[in-house]
Amino acid sequence: MRLSIHVELDYSCSFPTDVLLAVEAAPLWDQILIEDLLTVGGAGPLRPIAGGEGIGQRTWMHVDGQFRVDYRATVDVDRQIVPIDSLRPMPGNARAHGDRD
């Protein structure tokens with residue numbers, strides 16, 4: 001299945017701050033990036049870093065005032081279909097991926 005992604009973010013910060021962008025699609029064995037482009041306006045230098053567990057990429061940037069982010073991607077996804085009734089319920093104390101104590 002081919003997906004087209006387009007994200008537009010338009011923010012304003014009242015004081016200088018660092019911002020972590022986590023909007024880019026991650027290339028995986030079953031998710032192929034055909035094309036992707038991150039465009040940022042109104043921010044200082046961009047510093048890409050590896051995503052959690054080495055999956056994908058995040059981008060640190062310094063902003064002061066208004067900034068705009070535009071991300072576009074075309075992704076081919078080829079995953080095995082799993083019937084929903086074959087999945088086990090999550091335990092009541094389950095956390096979102098990446099939560100830490």
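**A close look at the sheet**

Author: Of the 101 residues in the protein chain, 20% are buried. That is one number for the whole chain. Keep in mind that this is a predicted model. The mean pLDDT of the protein chain is 90, and 91% of its residues score at least 70. Among the elements, strand β3 (residues 57–77) has the highest mean pLDDT, 96. The lowest mean belongs to strand β2 (residues 31–50), at 94.

What does the secondary structure come to? The protein chain has 3 strands and 0 helices. Read from the N terminus, the elements run β-β-β. The radius of gyration is 17 Å, well over the 13 Å that the globule rule gives for 101 residues, so the protein chain is more spread out than a compact globule. The C-alpha trace spans about 50 × 35 × 20 Å along its principal axes.

Now the sheet itself. The 3 strands form an open sheet, and its order is β1-β3-β2. The pairing is antiparallel. The edge strands are β1 (2–21) and β2, and each of them pairs on one side only. Neighbouring strands of the sheet are turned by 10 degrees against each other on average, with direction ignored.

Take the pairing of β1 and β3. These two strands pair in the antiparallel sense over 17 bridges. Which residues face each other? Arg-2 stands opposite Asp-76 in β3. Val-7 has Tyr-71 of β3 as its bridge partner.

Then the pairing of β2 and β3. Here the antiparallel pairing runs over 16 bridges. Asp-36 has Ala-73 of β3 as its bridge partner. β2 and β3 also make a hairpin, with 6 residues between the strands. In that hairpin, Glu-53 takes a positive phi near 60 degrees.

Look next at Pro-48, which lies in strand β2. Is Pro-48 buried or exposed? Its relative accessible area is 51%. The cut-off for exposed is over 50%, so Pro-48 counts as exposed. Pro-48 and Thr-59 are 11 residues apart in sequence, yet their C-alpha atoms are 4.2 Å apart in space. Neighbours within four places in sequence aside, Pro-48 is in contact with Gln-57, Arg-58 and Thr-59.

What about the nonpolar residues? The largest nonpolar core has 6 residues: Val-19, Leu-21, Met-61, Val-63, Phe-67 and Val-69. β1 and β3 each supply at least two residues of this core. β3 gives the most, with 4 residues.

Return to the largest core for one of its residues, Val-63. Which residues does Val-63 touch, leaving aside its neighbours within four places in sequence? The contacts are Cys-13, Phe-15, Pro-16, Thr-17, Val-19, Gly-42 and Ala-43. Val-19 is also a member of the largest core.

One last number covers the whole chain. Take the contacts between residues at least 6 apart in sequence: 73% of them join residues at least 24 apart.

Technical notes: Residues are numbered from 1 along each chain as its sequence is written. This is a predicted model: local features need pLDDT of at least 70, side-chain atom pairs count only at pLDDT 80 or more; totals for chains, interfaces and linings use all residues. Side-chain values use heavy atoms; hydrogens and water are left out. pLDDT is the predictor's confidence in each residue, from 0 to 100. Buried means under 20% relative accessible area, exposed over 50%, partly exposed in between (1.4 Å probe, protein chains only). Contact means heavy atoms within 4.5 Å. Two strands pair if DSSP finds at least two bridges between them. Axes are lines fitted to C-alpha atoms, for helices over the stretch in contact, and angles run from 0 to 180 degrees between N-to-C directions. A nonpolar core is a set of buried Ala, Val, Leu, Ile, Met, Phe, Trp, Tyr and Cys residues joined through side-chain atoms within 4.5 Å. The radius of gyration is taken over C-alpha atoms; the globule rule is 2.2 Å times the number of residues to the power 0.38.
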